[in-house]
Amino acid sequence: MAEPGAWDRFPWWSVLAANLPSLLVAGVGAVLLARVTLWLVTPYLVYVAWAEARVLWGSCRDCSYFGGRCAFGKGWLAALLLKRGDPRRFARRKVRWVQLLPDFVIYAIPIAAGIVVLSRRSSILVLVLTIVLGIVSLAGTPLVRGSLACRYCKQRAIGCPAERLFSGKRGQTRPVRARQPYR
Ligand code: SF4
């Protein structure tokens with residue numbers, strides 16, 4: 001199969017699609033936590049914001065999309081909030097599964113909350129939301145990365161430790177052909 005090309009600038013529709021699973025998880029997660037107690041909602045959303053800021057600081061400021069429109073729109077956001085970092089540092093970084101634990105917490109805490117609620121009382125709404133959250137957590141992000149974000153990302157050609165981890169590759173990433181930017 002031919003190697004898909006890279007996008008210098010991701011189209012808006014794909015930025016929206018790429019962020020949909022995360023927005024869904026945060027929204028459904030907040031609703032599930034509210035079923036336990038409303039006091040958990042604000043700390044949870046602050047935690048989600050912190051996890052996003054961690055990515056902006058740790059990755060996006062060094063990414064080749066800094067100041068541009070990457071798959072998740074964060075290159076543009078990073079340039080609004082931070083100074084450009086070092087692009088060479090991006091490719092040199094080593095990413096391990098344990099470093100992604102703070103991201104897994106975003107899914108795991110609301111799923112645990114849903115299970116706790118269901119153990120106390122039956123609720124169709126909580127059951128459906130917990131299942132939706134589980135499906136989106138397991139399938140949504142990998143689907144977005146594999147079919148949209150990483151697939152057309154030019155940083156993948158330069159070198160992306162996260163993509164290598166997700167795809168199970170150990171060596172260098174394969175080069176991709178440059179594509180005309182979307183407008
Ligand atoms: S290859 Fe994937 S994980 Fe790496 S910067 Fe691009 S979209 Fe992000």
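Biologist: Leaving aside neighbours within four places in sequence, which residues is alanine 71 in contact with?

Modeller: This is a predicted model, and in it alanine 71 is in contact with Phe10, Ser14, Val15, Ala18, Leu148, Ala149 and Cys153.

Biologist: How should I read the largest nonpolar core, and which of its members touch the most others?

Modeller: The general idea first: in soluble globular proteins, nonpolar side chains tend to be buried together. Here the largest nonpolar core has 17 residues, and Phe10, Ala18, Cys63, Cys70, Ala71, Phe72 and Ala149 touch the most other members. Helix H1 (12-36) and helix H6 each give two or more residues to this core. Apart from it lies another core, of ten residues, including Val28, Leu32, Val117 and Leu129.

Biologist: Now the ligand, please. Which residues are around it?

Modeller: Around the ligand are Cys63, Ala71, Arg145, Ala149, Cys150, Cys153, Gln155, Arg156, Cys160, Ala162 and Glu163. Two or more residues of this shell come from each of helix H6 (124-149), helix H7 (154-158) and helix H8 (161-167). By type, the shell divides into seven nonpolar residues, one polar and three charged.

Biologist: And a single helix? Which residues of helix H3 are buried, and where do they sit around the axis?

Modeller: Again, the general idea comes first. An α-helix has 3.6 residues a turn, so residues three or four places apart point the same way. In helix H3 (residues 74-81), the buried residues are Lys74, Gly75 and Ala78. They lie on the same side of H3 because they cover an arc of only 100 degrees around the axis.

Biologist: What covers the buried residues of H3?

Modeller: Their cover includes helix H2 (41-58).

Note on methods. Residues numbered from 1 in each chain as written. Predicted model: local features only at pLDDT ≥ 70, side-chain atom pairs only at ≥ 80, totals over all residues. Near = placed C-beta within 6 Å. Helix = DSSP H or I, 4+ residues; strand = E, 2+ residues; numbered from the N terminus. Nonpolar A, V, L, I, M, F, W, Y, C, P; charged D, E, K, R; others polar. Buried ≥ 20, exposed ≤ 12 C-beta atoms within 10 Å, placed from the backbone. Arc of directions from axis to C-beta. Contact = placed C-beta atoms within 7 Å. Core = buried A, V, L, I, M, F, W, Y, C linked by C-beta atoms within 7 Å.
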